[in-house]
Amino acid sequence: MLTNDLVRFRKRGAEVVPRYLDAKAKLRLLPTATQIAAIFGESVGKQLAELEAELAEVEFGARDRLVVQGLIKLCEDRVEIASAAELDPSQLRREVFWQAAAAHRGAVHQAPFDRAKVLEQVARRLGRAPADLERELYGDLREAAVVESFRALDGPGLLDRYDLALAQAAMLRAVRITATVGDSDPQRVRRLFRALRFHGLIHQVAEAPGGFSITIDGPYSIFESVKRYGMKRGLALPALVALERYDVRATLRMGPDGSEALMRIGPEDGLVAPAPSGAEDRPEVAALVDAFRALGSAWQVSAAERVGAPPGTPGVI
């Protein structure tokens, strides 16, 4: 997600609107986004210091500074890193520094201090090559970490993620959220309610013409200055944006005075939800179907074509 310093809004009276990228901005930023995505895509096996050095060479206009920093942040969120050190770096430094201190004391009356000789002596004692010590001496520092994997995406996909991330970041400030949603595909609707339950979001559901009305408590309605709940709300947003019809109205707490402002999200904003990952079929449902069919009953079982909200309950079936 984008951090507060990377989020861009514009205010229109009592409303706030994320500064989504328009068609002109996307065309201008596409080569930059493609380059950033490619750099991250080729970063597996490299140290973070190498990755950051390559990113520092990316050229962009001054007006796009915040956007480019946001694109890099979104790619960083898709990276898994691991320490390259096989030895304990703190213990290794202790060994090397003790040996270096002894060498310095001896250098007063003997030969000048020889750094390479110190590393060679410690390496011999540990049964390693001096080059290993050079690499692992500060292996616990962030810049020495190695990129283990990167969930790849292309330039256009990165720009789409940026617009969605702006809307997600707003959910960190939400007091309350109401959404009217509808879709002809019950699978997408179920995916939304699974996301709400998975992220532990407090919500109430009522049937509405062509779909459902959902009221979701925001983080500030329960916890003052706690943003973890708001982050979960943002993580559930892609499942909502994936629907055919949605009208989201979020009341946000803005500024140091805590004043409230309204933010609306709808299909007209052009937000693109990422493709769902993993299998869509739930294993417990598949197991139930198999068990039912094994009974040899005259009854048949199949997936429901309609999602319903029982009266007086907070969820759906």
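Predicted model: local features only at pLDDT ≥ 70, side-chain atom pairs only at ≥ 80, totals over all residues.
Of its 317 residues, 40% are buried. Contacts reach well along the sequence: among those between residues at least 6 apart, 73% join residues at least 24 apart. The chain exposes about 17900 Å², and 54% of this comes from carbon and sulfur atoms.

Side chains of opposite charge can pair when their charged atoms come close. Across the whole structure, 13 salt bridges are found. One of them links Arg28 and Asp64, with 2.8 Å from N to O. Arg28 belongs to helix H1 (residues 23–41), while Asp64 sits in the loop between helix H2 (48–55) and helix H3 (65–76), so this pair ties together parts that are 36 residues apart in sequence. Arg28 is partly exposed at 30% relative accessible area, whereas Asp64 is buried at 6%.

A second example, between Arg124 and Glu120, has an N to O distance of 3.3 Å. These two residues are four apart in helix H5 (residues 115–126), which means that about one helical turn separates them. Arg124 is exposed, with a relative accessible area of 57%, and Glu120 is partly exposed at 41%.

Arg188 and Asp185 also form a salt bridge, their closest N and O atoms lying 3.7 Å apart. Through shared partners, salt bridges join Asp183, Asp185, Arg188, Glu244 and Arg245 into one network.

Finally, the surface carries a nonpolar patch formed by Phe97, Tyr138 and Leu141, which together have about 290 Å² of accessible area. Phe97 lies in helix H4 (residues 89–107) and is partly exposed, at 44% relative accessibility.

Key. Residues numbered from 1 in each chain as written. Heavy atoms only, no water. Patch = residues over 30% accessible without salt bridge, like charges linked within 9 Å, V, L, I, M, F, W, Y side chains within 5 Å. Areas by Shrake-Rupley, 256 points an atom, 1.4 Å probe, with all protein chains shown as cover. Salt bridge = Lys/Arg side-chain N within 4 Å of Asp/Glu carboxyl O. Buried < 20%, exposed > 50% of the residue type's maximum accessible area, 1.4 Å probe, protein only. Contact = heavy atoms within 4.5 Å.
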